[in-house]
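The tour makes two stops.

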Amino acid sequence: VVATGTIGASRAAYFLARGLDVEATDPSPGAEQRLRDAVDAHWVALVQQGLAPGSSPQRLRFHARLEDALAQADFVQENGPERLDFKVDLFRRMGAATPAHVVLASSSSGLAVTDMQKDCAHPGRVVLGHPFNPPHMIPLVEVGGGERTAPQAVADAMAFYAHIGKRPILVRREIKGHIANRLQAALWREAFHLVDQGVATVEDIDTAISQGPGLRWALMGPFMNLHLSGGDGGIAHLGGPIESWWQDLGAPSMTEALQRQVTESVAQALGDRRASDLARARDALLIKLLRAKQV
């Protein structure tokens, strides 16, 4: 695990919970202690989800040098800053420090693999392995390759994530933001538009999703839900009204006034609650939801 911030630490904890040995590295001061503290904090939820045989936080080893962490690696999960120049140099270094068969997977939320792999000595093994927050709980991983990625590397990454209990999907063509982030962005765009136009408050919109379609979306995706909305004829009977809504969707600009309005509204909705408390409550419900979906 290369880079152990919020995403990297969450992924390290999950790998440990699946019975793997984890070699981690991060150059920032105090990174090792923060990582171990994060693993301990995540372990409670991971125990509730069920641990693999042999899993233990004691199987985590931290290295100050990138090259030392990669010396024994069979699979590398990179979680560095979302800056192309940083990623290019990091993949160059990782490529030089690992055997040619080792898959190098990036957690990048929007960068193209083609751009990240350009200076890597073995670009064929560079893939996308994008998780969703918190990665130690959310099953989805987006996997894809760049122009110089070997198909076998993509297949190996898909198989690896599936083997450890994730739900990988294949990004079949490089596109900014991949798949799920683009779907989220579409919803956020309209949410900001509705606030900007005075149609609804921030709290109203959160309620509209969390107490409305969001409940169904947690059970099945948009196409299957749409199919059920079509009655006996299913999705084949739908089209006209939805297309008219598409044509009326907004395209807001993130002005200072809109950003300030949303920020103040979120703070008001939070009240005395801290974001960390909200995250814990979310995770507790998420564990129950994941269990229910396994039945």
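Start at Trp 43, where helix H2 has a kink of about 35 degrees centred on this residue; the bend at a residue is the angle between axes fitted to the seven residues ending there and the seven starting there. This is a predicted model, in which local features need pLDDT of at least 70 and side-chain atom pairs count only at pLDDT 80 or more, while totals for chains, interfaces and linings use all residues. Residues are numbered from 1 along each chain as its sequence is written, and side-chain values use heavy atoms, with hydrogens and water left out.

Now select residues 31-49, the whole of H2: 19 residues reaching 26 Å from first C-alpha to last, close to the 27 Å expected at 1.5 Å a residue. Helices (H or I, at least four residues) and strands (E, at least two) are DSSP runs, numbered from the N terminus.

Colour the buried residues of H2, among them Leu 35, His 42, Trp 43 and Leu 46. Buried means under 20% relative accessible area (1.4 Å probe, protein chains only). Their cover includes helices H1 (6-17) and H13 (275-294) and strands S1 (22-25) and S2 (60-63). Just after H2, select Gly 50, which has a positive phi of about 105 degrees.

Next, go to Thr 98, in the loop between helix H4 (84-97) and strand S4 (103-106). Thr 98 is buried, at 7% relative accessible area. Show its side chain: a polar contact (a pair of N or O atoms within 3.5 Å, one able to donate a hydrogen and the other to accept it; residues adjacent in sequence count only if both atoms are side-chain atoms) of 2.9 Å joins it to the side chain of Arg 125. The Thr 98 side chain also reaches the backbone oxygen of Met 94 at 2.8 Å.

Note on methods. Expected span 1.5 Å × (residues − 1). Buried < 20%, exposed > 50% of the residue type's maximum accessible area, 1.4 Å probe, protein only. Contact = heavy atoms within 4.5 Å.
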